[in-house]
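Trainee: I would like to take a close look at a single part of this model, and then see how the parts around it are described. Could you take me through it slowly, one step at a time?

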Amino acid sequence: MAETNKKTKLKNPFEGIIDKLFIMFENKIYLYGFFAELVIFLVIFPNTSSRFTQEIMTNLFFYVVVCLGLNIIVGYAGLLHLGYAAFFAVGAYTTGILSSRMGMDFWLTIPFSIVAAVIAGLAIGFPTLRLRGDYLAIVTLGFGEITRLTIRNLDVTGGAIGLIGIQRPEFFGITLNQISHFYYMFFILAIIAIIVSHRLENSRMGRAWEYIREDEDAAAAMGINVVTSRLYAFVIGSSFGAVAGSFFAAKMTAISPDSFMFIHSVMFLMAVVLGGMGKIPGVVLGSILVVLIPEVARGIGPYRLLIFGFLLLIIMLYRPQGIWPEKPTISTDE
Amino acid sequence: MALHEILLQQLFNGLLIGSFYGLVAIGYSMVYGIIKLLNFAHGDIYMIGAFSGLIFLSIASPYIGAGWPSLILGMLITMLLVGLLGVLIQRVAYRPMLKAPRLSILITALAVSMILYNTVMLLSAGRYRAFNVDVSSESFFLGPLRLTETRVVLIVAAFALMFIMHMFITKTMYGKAMRAISLDRDTCQLMGIDVFKIIALTFFVGSALAAAAGIMAGVYYGTIHFFMGFLIGLKAFTAAVIGGIGIIPGAMLGGLLLGLLEAFGTQIPFIGTEWKDVFSFAFLILFLIFKPNGLLGRSESERM
């Protein structure tokens with residue numbers, strides 16, 4: 001009897017481990033297989049599709065990059081940002097001015113646009129983030145408007161007409177000017193953004209953000225500097241937006257203040273919130289919804305924002321964590 | 001005009017615009033004080049007020065004209081209706097979210113704002129609408145000041161509303177309950193205050209004041225637009241922060257101060273009217289750096 005007892009005691013954990021390993025293994029294989037297929041599909045996609053679909057897909061990748069940046073601020077750090085288009089504009093105009101007025105090479109303008117975004121992010125974030133977190137919502141909203149008005153009123157930004165003649169980037173001697181070039185460029189950018197987001201999420205800073213988001217006071221009591229951590233999230237997220245803005249300027253070769261309206265900030269926010277804040281697949285899903293729904297249902301045109309408004313309200317009331325929410329890493333039932 | 005005449009004129013203009021800001025800021029500040037929500041939809045309530053007033057005038061003007069009596073009647077009815085709209089919004093969108101995370105309720109408020117202005121945009125076909133009223137626009141001089149009857153009535157009405165509001169908050173039982181809830185909601189509930197009723201009342205009063213400001217702005221500017229609430233929402237928040245958010249007299253003071261700042265700020269050389277909004281917002285950011293609790297606010301430590 002004693003022997004059998006021992007055996008069962010030994011057997012159970014062993015079985016459990018096998019099961020766990022097997023499930024993990026299976027999931028990973030499945031997951032990697034799925035990713036590999038998806039990547040192969042997306043890589044050969046431009047060869048099999050029209051310019052119009054390529055344009056939409058490029059737009060989708062672009063949204064993924066921008067929204068992952070916004071997700072760092074909204075999803076990871078839990079701060080409502082309503083002027084993200086402004087940071088996007090900072091990047092686009094930095095590249096635009098340096099490229100079209102000074103003839104600087106595109107790739108060299110990217111560090112400048114990051115620096116500009118960091119300065120803007122610090123200027124907005126530093127005074128505001130020391131205060132109640134939700135002040136940031138209105139201040140960013142106002143910053144978005146100020147930036148647009150400033151761009152409109154200044155001469156160096158080309159006023160209401162905007163900037164034209166931004167140089168196309170060169171990549172190992174090839175000038176990127178086809179839509180398929182930009183498709184691949186934004187595809188690579190989206191993958192980089194996903195990897196960076198993933199690394200950030202699991203970093204020490206990422207865990208600090210999560211803690212602050214869940215319980216600010218407890219996080220502060222544990223020795224996390226709440227203001228500094230939030231400032232990091234704000235500045236990193238803003239630089240993401242600026243880089244995306246630089247690439248946007250290079251793709252469009254002409255930019256005007258109309259590309260950076262409040263409504264664009266709202267669409268970015270919508271993509272982050274719809275899919276599920278703070279989770280990379282959720283943000284990707286949200287981007288797909290926000291980019292594809294208006295394309296598929298062109299008829300809803302004028303009603304689009306009204307419908308989005310209702311959608312946002314319903315999601316907040318019934319699924320406040322988004323369609324595909326983050327699983328809590330630590331279960332509270334234990 | 002001599003310099004002091006320009007300044008006097010700008011003082012009057014600033015006070016007039018500032019009183020609109022103040023009226024909207026009161027609602028902003030009250031709601032923040034009582035449920036700690038930045039009500040993004042508040043600017044849109046102001047816009048809805050202006051449009052409701054216009055609809056009332058277009059219905060009523062064949063019978064009673066579009067002069068002051070029908071304007072006053074229209075204002076009262078609009079205040080009532082828009083106040084009820086505010087209560088409805090509170091009931092549907094905000095009340096279920098009171099226990100939810102802060103970010104969720106902020107996004108809900110944003111959604112409500114989008115619904116309101118997109119509805120009006122679709123109904124008004126996105127065009128500017130003329131706010132036709134049949135009141136005297138003749139100007140007369142009071143010393144060096146050039147005034148019109150409309151402006152005098154508007155500024156008097158705005159200040160009267162602010163005074164009534166102040167009396168309501170400081171002298172009545174309901175005002176006392178509001179102030180108590182903004183201090184400690186749970187204890188109020190234990191003391192037998194019907195908290196949800198007072199929150200609904202707050203929304204009613206705040207929305208009614210915003211609607212009144214909307215109609216007055218319609219009369220003052222002559223045209224209204226579905227997006228008119230966006231900027232004034234920002235300005236009202238700025239005003240509320242300048243005065244100390246959650247403090248009603250602070251909101252009025254902040255509104256007047258912001259109006260004056262804009263009026264005088266645009267007189268500074270090199271800062272034209274196209275920089276007006278940039279100017280007031282830069283001021284907000286400076287204010288947040290140096291005096292985040294506002295003029296009348298006390299520094300408070302958040303209790304857990």
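Trainee: Are α3(B) and α4(B) parallel, perpendicular or oblique to each other, and why?

Mentor: Before I answer, please keep in mind that this is a predicted model, and that every value I give is computed from it.

Two packed helices are described by the angle between their axes and the distance between the axes. In chain B, the two helices you ask about are α3, which covers residues 68-94, and α4, which covers residues 102-123. Their axes lie 11 Å apart, and the helices pack at an angle of about 135°. An angle counts as roughly antiparallel over 145 degrees and as roughly perpendicular from 65 to 115, and because the angle here is about 135°, α3(B) and α4(B) are oblique to each other. The crossing of α3(B) and α4(B) also has a hand, and that hand is right-handed. On the side of α3(B), the residues that make the contact are B:I89, B:A93 and B:Y94, while α4(B) brings B:I105, B:T108 and B:V112. Sorted by class, the residues of this contact are 5 nonpolar and 1 polar, with no charged residue.

If you follow chain B onward from α4, you come to the loop between α4 and β1 (129-130), and B:A125 is found there. Phi of B:A125 is near 55°, which is a positive value in a residue other than glycine. B:A125 has 9 other C-beta atoms within 10 Å, and it is therefore exposed.

Another pair of helices in chain B can be described in the same terms. Helix α1 (residues 3-35) and helix α10 (residues 248-265) of chain B have axes that come within 6 Å and cross at roughly 145°. The crossing of α1(B) and α10(B) is right-handed, and the residues of their contact divide into 17 nonpolar, 11 polar and 1 charged. With its 18 residues, α10(B) reaches 25 Å from its first C-alpha to its last, which is close to the 26 Å expected at 1.5 Å a residue. Of those 18 residues, 14 are buried, so α10(B) is largely enclosed by the rest of the structure.

The helix α4 of chain B also leads us across to the other chain, where it is part of what covers the buried residues of α10(A). Helix α10 of chain A runs over residues 262-275, has 14 residues and reaches 21 Å from its first C-alpha to its last, close to the 20 Å expected at 1.5 Å a residue. Because 12 of the 14 residues of α10(A) are buried, this helix is largely enclosed by the rest of the structure. Among the buried residues are A:H264, A:M267, A:F268 and A:L274. From chain A itself, the cover over the buried residues of α10(A) includes α2 (51-76), α3 (84-102), α5, α11 (280-296) and α12.

A:T253 is found in the loop between α9 (226-252) and α10 of chain A, and its phi, near 60°, is a positive value in a residue other than glycine. A:T253 counts as partly exposed because it has 16 C-beta neighbours inside 10 Å. After α10(A) comes A:G276, whose phi is also positive, near 145°.

Finally, consider how the two chains meet. Their contact takes 31 residues from chain A and 31 residues from chain B. In chain A, the elements that give two or more residues to this side are α4 (106-129), α5 (135-153) and α12 (304-318), and the largest share, 11 residues, comes from α5(A). By class, the side of chain A that touches chain B has 21 nonpolar, 7 polar and 3 charged residues. One residue of helix α12 of chain A is A:R304, which counts as partly exposed because it has 15 C-beta neighbours inside 10 Å. A:R304 and A:P294 are 10 residues apart in sequence, and their C-alpha atoms are 7.2 Å apart in space.

For chain A as a whole, there are 12 helices and 2 strands, and 45% of its 334 residues count as buried. Among the contacts in chain A between residues at least 6 apart in sequence, 78% join residues at least 24 apart.

How values were computed:
Residues numbered from 1 in each chain as written. Chains lettered and ligands numbered in written order. Predicted model: local features only at pLDDT ≥ 70, side-chain atom pairs only at ≥ 80, totals over all residues. Axes fitted to C-alpha atoms, helices over the stretch in contact; angles between N-to-C directions. Helix = DSSP H or I, 4+ residues; strand = E, 2+ residues; numbered from the N terminus. Parallel < 35°, antiparallel > 145°, perpendicular 65-115°, else oblique. Left-handed = near helix turned anticlockwise from the far one by under 90°. Contact = placed C-beta atoms within 7 Å. Nonpolar A, V, L, I, M, F, W, Y, C, P; charged D, E, K, R; others polar. Buried ≥ 20, exposed ≤ 12 C-beta atoms within 10 Å, placed from the backbone. Expected span 1.5 Å × (residues − 1).
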